[in-house]
Amino acid sequence: NGEFNDVLKLKRESLGSTQMRYVVENMFKGFKQGNMSLEEASELLNENILDIIFIGENVQIVCKKCENNLKCPKKGCPVRKGLTSKFDIARDHYKNHHWPCAIKSASKAEEIIRFAEKKLEENISKYLTNTVEFSLLSSIRGQKTENNLVPLLLSHLSTAKRPGLLISGYKVFSSLKNLLKSYKIKLSNCLNDDKQVEHDIINIIPVGERVKVNFTQVKAT
């Protein structure tokens, strides 16, 4: 599969970077010397590697029973544990299962990176098998474009010497619409919250007694 190989190559470059190897080697050395607990070492790997090997959209997990403190029929329901997205579930699983096993069984830091590469291959293969109609490579390229665009917008704010709030993230409108409502910020061009197109970046700038809200949607080419 051409897309599988392209995505794998792109992600492997991040896993095999000099900076990543430095982080993993320092973590492994600290753990072996007793300067870092297994939990701390696992959390460090989560912070530095999980974003790379997590594949797919960070879909929100909903359970009305748990949200309303009712008896949930699902044994081990993630929402009951405070895990409200697929990324949260992956973070919890890697921190408490995958990373501890990889760290304890490894004889050198390189083996942890190889373990991460193996999980990356499994995650890409699983995602492409279940989501053939969606271009994963385009999604990754779009995310990189978004990351490149944010500093440009930030630079514009700094040059203009205007205060403002710049936020970049997945489905930023859905994440912030309740906050906007609580401050009575109404979007004049948004007729229906449920039909509002999702965006990647939001920029809020005060203009007199009002605020100007700009949404930016990044597209991959």
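Start with Arg 21 and Glu 110: in this predicted model, their side chains form a salt bridge, with the closest N and O atoms 2.4 Å apart. Arg 21 sits in helix α2 (residues 18–32) and Glu 110 in helix α6 (residues 109–130), so this pair ties together parts that are 89 residues apart in sequence. How exposed are the two partners? Arg 21 has a relative accessibility of 27%, which makes it partly exposed. Glu 110 is partly exposed too, with a relative accessible area of 27%.

That bridge is one of seven salt bridges in the structure. Arg 91 meets Glu 43 in a salt bridge, 3.1 Å from N to O.

| Salt bridge | N to O distance |
|---|---|
| Arg 21 and Glu 110 | 2.4 Å |
| Arg 91 and Glu 43 | 3.1 Å |

Which residues are linked in a network of salt bridges? They are Glu 39, Glu 43, Arg 91 and Lys 95.

Now for helix packing. Two packed helices are described by the angle between their axes and the distance between those axes. For α2 and α3, the angle is about 170 degrees and the axes are 10 Å apart. An angle over 145 degrees counts as roughly antiparallel, so that is how α2 runs relative to α3. The crossing of α2 past α3 is left-handed.

What makes the contact? On the α2 side there are Met 20, Val 23, Val 24, Met 27 and Phe 31. From α3 come Leu 38, Ala 41, Leu 44, Leu 45, Asn 48, Ile 49 and Ile 52. Sorted by class, the contact of α2 with α3 has eleven nonpolar residues, one polar residue and no charged ones.

So α2 takes part in both stories: its Arg 21 bridges to Glu 110 of α6, while residues including Val 24 and Met 27 are in contact with α3.

Key
Residues numbered from 1 in each chain as written. Predicted model: local features only at pLDDT ≥ 70, side-chain atom pairs only at ≥ 80, totals over all residues. Heavy atoms only, no water. Salt bridge = Lys/Arg side-chain N within 4 Å of Asp/Glu carboxyl O. Helix = DSSP H or I, 4+ residues; strand = E, 2+ residues; numbered from the N terminus. Buried < 20%, exposed > 50% of the residue type's maximum accessible area, 1.4 Å probe, protein only. Axes fitted to C-alpha atoms, helices over the stretch in contact; angles between N-to-C directions. Parallel < 35°, antiparallel > 145°, perpendicular 65-115°, else oblique. Left-handed = near helix turned anticlockwise from the far one by under 90°. Contact = heavy atoms within 4.5 Å. Nonpolar A, V, L, I, M, F, W, Y, C, P; charged D, E, K, R; others polar.
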